[in-house]
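Welcome! Have a look at the protein below, and then we will walk through a few of its features together.

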Amino acid sequence: MNNLETIPEFICRPEDKNLCTYSDTDSIYLHAHPLLKHIYPNFDELSEDEQDDLLEKMALKYQDLITEHYDTLAREAFNVNTHRLEMKTECTIRSGFFSGKRRYAQYITKKEGIKVEDIDVKGLDFMKSNFPPLFKKFFNEILNDILFGATREETDKKILEFKTNLSNLPIELLAKPTGVKNMDQYIASGPTADAIFSTFENKAPVNVKAAARYNDLLKFKKLDKKYSQIVTGDKIKWVYLKDNPYKIDTIGFLPFDLPVEIEKFIEKYVDRDKAFDSILRNKLEKFYEDLNWGKLSLNTHISNFFSF
């Protein structure tokens, strides 16, 4: 972490190389490869299992050294002769992605001495409940690919293929899931003889606007007696729309009770590019930035991805 470079010299001198990848309240992750290369010059030639064993061996050695030093720390810093401080090696990881505090993914190969094959993910945006399952599954695949060694070129191609395939998917898979709260609070006025759609108070949430527009369209098409309207507390899905005859930019719907007529309207005017951009693009751009891969490229001419 960059801020560790500014810690006092008695902990880390300016000329020292900082091998700390990530730290938290009671844990620390260290980049062990330089140390392992120094101790075992042929380290890169070993099998992955052999590398894992040597990594664990070194971690356990440092665990014991640090635990021994806690005696000195307790005596000189806290003026006590007995303490309960102890360093413990929890796991060894073959690869990891660290985006920020409590935001990371790691490929664990040993946990407390036992061989495992675990992917542990904490705090990343795609895990949130309002992330559409289709996009969540795809981002998780991308993350796993990276942890297992996928290159930028391979990742670029996979993202482009996913974006291209969005044009053939049903709206239910593209839409954002969300709950609706306080609809009445944000609706300034309902439809009138001159206007099909409601007007909204300032700062009305986009999902509330989408839900109200769905209800207004149901009434306009005289379908509100046959199909359920969206009410406060409902779980809905909503999408952005391209330019359309009604001049609305969003609409919500209840997947279990959607009239065919409105479904066809949404299918025709759903903004699939904006769905990708609003849900996934900024997350991928941040992902690329964290990996030092530069800007995300969605050039349709795949052969030109790296011709610079």
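Helix 3 (residues 133–147) has 15 residues and spans 21 Å from its first C-alpha to its last, close to the 21 Å expected at 1.5 Å a residue; the expected span is 1.5 Å times one less than the number of residues. Helices (H or I, at least four residues) and strands (E, at least two) are DSSP runs, numbered from the N terminus. This is a predicted model, where local features need pLDDT of at least 70 and side-chain atom pairs count only at pLDDT 80 or more, while totals for chains, interfaces and linings use all residues. Residues are numbered from 1 along each chain as its sequence is written, and side-chain values use heavy atoms, with hydrogens and water left out.

**Around helix 3**
- Its buried residues (under 20% relative accessible area, 1.4 Å probe, protein chains only) include Phe 135, Phe 138 and Phe 139.
- Among the elements covering the buried residues of helix 3 are strand 3 (91–100), strand 4 (103–111) and helix 9 (272–290), where contact means heavy atoms within 4.5 Å.
- Gly 149 follows helix 3 and has a positive phi, near 100°.

**Asp 120**
- Asp 120 lies in strand 5 (residues 114–122).
- Asp 120 counts as buried because its relative accessibility is 18%.
- Leaving aside residues up to four places away in sequence, Asp 120 touches Tyr 104, Ala 105, Gln 106 and Ile 108.

**Ile 39**
- Ile 39 sits in helix 1.
- With 43% relative accessibility, Ile 39 counts as partly exposed, the class between buried and exposed (over 50%).
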